[in-house]
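Please look over the notes below alongside the model.

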Amino acid sequence: MTITANKTAGVKEGLGKNLALTLLYIAAGSLGQALPPVEFSLSLWLPSGIAVVALLRWGSTCLPGVLVGATALALLTGLPLGAAVLEAAGSVLGAWLTVCLLHKSDFSPDFQHWRDVILLLLATVVGMLTSAVASTAVLYGFDLISSDQAFANWWIYWVGDLLGVLTMSPLLLSLSAEHWKPARSRNGEFWACCLLSVLVGLVVFPLNGSLMPVQLPLAFLPMPLAVWAALRFGLWGASLSIFWFSGLAILGTAWGVGPFVLGSALQVQLIVLAFSTSLSALALLVTSVHGRILQSEAALREGVRHYQALFQTNPHPMWIYDLESLAFLAVNDAACSLYGYSAEEFRAMSLQDIFRPEDVEDLLARESSKQDSLSSSGVWCHRVRDGREISVEISSHAFTYKRRRARIVLAYDVTERVESEARLKHSESLLREAQYVAQLGSWELLPQQNQLICTNEVYNIYEMEPQEGNLQASEFVERVHPEDRELMVKVYRSLMRGAPSSNFEFRLQFPDGRIKWLYARCTSYGEPGKLATRLVGTIQDISARKQTEQQIHDLAFYDLLTGLPNRRLLTDRLHQAQATSTRTRQYGALLFIDLDHFKNLNDTRGHDVGDQFLQVVADRIKHCIRESDTAARFGGDEFVVMLEGLHEDIKVAASMVELVAEKIRDKIAQPYHLDGEEYHSSPSIGVSLFCGEEVSVDQLLKHADVAMYEAKASGRNSIRFFDPAMQAALDERAKLEAELRKAVTLRQFVPYFQAQIDNSGEVQGAEVLVRWEHPERGLVSPAEFIPLAEDTGLIVEIGDDVLQAACEQLARWQHDDGVMKNLELAVNVSARQFRQPNFVEQVTQALKSSGADPKLLKLELTESLVLDNVEDTVEKMNALKKQGIGFSMDDFGTGQSSLSYLKTLPLDQLKIDQSFVRDIVTDPNDAVIVQTIIVMARSLGLDVIAEGVETHQQLRFLQSRGCDAFQGYLFNRPLPLEEFEKAVRSPSWMEGEGEPLFATESAGPATGTRAG
């Protein structure tokens, strides 16, 4: 339905157009026929212009209207029907040919170019020529004109059609709202132009010759008015001017008036034709030229708007600056955003505000040297509002801006790129440095081209001079260690056959014997299933790493001083030896060697000499064993030797071990020349045999260690084999140590007291002795646990407890009204306890907390303790001496130090050791020693007390030699506190068995019985 309706509407519209065209054609033709017949035979055939415009506007659909209109006009002139139809067809043909020529030449009805004017003139001349020829031929063919009239008829027809097209077509083509705009916008000027054109037209044509003499120059007056109309009102003004002035010129001439009524009819027709043609060409040319100007101006304005839009909306910063003052003339939004300034602030600034001063000078220098207006100025450093510096890449173009020499700049913020490039360059530099430091080189091998490409670091590693061009891989292979060349060949073949990559280590060997270790990484490239076309890899000098690994290995498994294996390596080898022994059933042995008195060498000669001595010992031990055996250093002066594959018979194996041990002992016993002096030493060697893995490695080492201690205990410089009894004793000792630690925690130690008697038989005090009351063992002897407490350091805590208990007991006795009030207490102080940094403070605190009188406290120090560090000993003794505390040297005479130190020590008493007292009656030597000690003490102003007095003969001897006091079983055994107090208070304290202990005249008031 819609399609049918559209077709119907189209048909109706076509019929309407053709009907209107027919009527308009007839009307225009009737107007042309109304021209009065004059001698000039001049015509203005407007229908030709109407037909051409209709065909231009509506195309061939309007041909029926033109044909009907032309036929009707011909019939009205009295032509027969056949002639009328043929003449009308000739008119239609002329119009159609004109339009075809215009279409073929891209004619524009708006006369946008001067060529459109020329095209209209040429097409009209050719098309109307065809129409005139056709019409004349029809008239001649129907005998309506003679042959003499044919040329005149053709000429009249051609001029009339030509004037009709030139006069009518511009006017009809300008009938649009778009063409009326200039007239509407300049309404007053338009009517003024029209009025003036009317007056000038009337004066020049109808009135020229009727009211005044004929003046041909007046014919030029319409020209300026036509130009005015064309310039100011476009095609509409030009069309009206052409129609008005051309119509008046034709009508006036036809009426016999006007400036063209001169000469013959042909001359008049030519003049009128020339005028109309010239006027049309001039008006239309002015219209086209002015139209082009207006179009150019519009395009320019549009270009300016487009440029401004592009300039302002460009995402990259843009600005324009004056080349003379360097001031900013314009900036876009992106520039404001990047630099942080507003557009107003920018226009008050210049390049100096964002460029560095030196960069401005460089920019001006570049500007002066430029040969053209285009430039790319590279990367510059600019300052933004907040003081930061950014990197900007700019390109610019010189041009004239508002009559000033200027340059427009397009900028790109490349800060991130510049920083990235800087970081990349820095990274590349670091990479080169890292490769140099890491001694890493890269290479590429193209097997098919036999081309090898290497970096300089490869040459450095191989210690070869860099070369250019193709290199021979064989030159590098020659430097490879002979033992590693087969590996390289194997890797090369594997890569060539398609293995993706390979990593391996190999060695270089140089003519001077040096070795370098290299680490290689290789990768192959090529098509699957074919030989590789490219090998790429790196090599790195890892000699330092290999050396470090060896050093780490040596540190982990070897002793730094002697170069012997350490405990870890020995343990590992011992595991292997046990596994081997399991298979072979042959015995092996461990020899634990300890150097006797090595500490004395270190203390007297220094550690340097001690280290030198250990190195010599290690060398001697290595020369005493087989290459398959192992000698190790455990630290200090301890060495361990492991012997393997001795014999299946344990007795034979033991004999073989004994021979090796004797050899080692004899070798170590040989003199040493250390630092220019001779030194002698001896070893204590413990031996432990093993077969298989029945005993753990730790147990084997422990057995050898036990045997070594047994060798030391037997007098040193001896060899002892491990006995299970030794281990039992050690286990017992370990058990006792654990119980001892528990006893300290549970405070199972109690003080015992043994009286000290003066020469008059009175009890002057007692020695405090510690006893261990074990809940299961009962009373444990001090000889059993005191050495263990010394070794473990528990003696310090035990001694502190005994000292505290002694002070508290003295404080309690001070409140006694009997014989106990003035008793002194002597307390043994161990070396460990005395060497504690806070020993003086501990004694002072014990006295202070208990309230005991310091004058009743006496500290017994051994000779070795006192003389170990004399300065420290004297300092502590003097500090305590100032508080009233007394000092006694215990076991005097058993030490080995010089007696000259006695005069520097603040002692009060010397205590003769019981080893001298025991045989003073029977051994003259002991008697002399005791007498000498007493005499020396007298000369130094010191008291003397003898311990271990057990017989009357010993007592009488000591009394006769002037000994001041006595202590021993003759008087009493060590007793618990209650029994001691009871004994001292007993009236029978000093009664002996059979005879008194002291003579009556010297015994005084002392009483009591002997307590064992």
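1. Accessibility classes come first: buried is under 20% relative accessible area, exposed is over 50%, and partly exposed lies in between (1.4 Å probe, protein chains only). The model is predicted: local features need pLDDT of at least 70, side-chain atom pairs count only at pLDDT 80 or more, and totals for chains, interfaces and linings use all residues. Numbering runs from 1 along each chain as its sequence is written, and side-chain values use heavy atoms, without hydrogens or water.

2. D603 is exposed, at 52%. K599 is exposed too, at 59%. The two form a salt bridge (a side-chain nitrogen of Lys or Arg within 4 Å of a carboxyl oxygen of Asp or Glu), with closest N and O atoms 2.8 Å apart. They sit four residues apart in helix α20 (598-605), so about one helical turn separates them. Helices are DSSP runs of H or I, at least four residues, and strands are E runs of at least two, numbered from the N terminus.

3. R534 and E444 also pair, at 2.5 Å from N to O. R534 is in strand β10 and E444 in strand β6, so this bridge ties together parts 90 residues apart in sequence. R534 is partly exposed at 31%; E444 is partly exposed at 22%.

4. D964 and R938 meet at 2.7 Å, N to O, in a salt bridge. D964 lies in the loop between α33 and β26, while R938 belongs to helix α32, 26 residues apart. Bridges with shared partners join E463, D512, R514 and K516 into one network. The salt-bridge count is 37.
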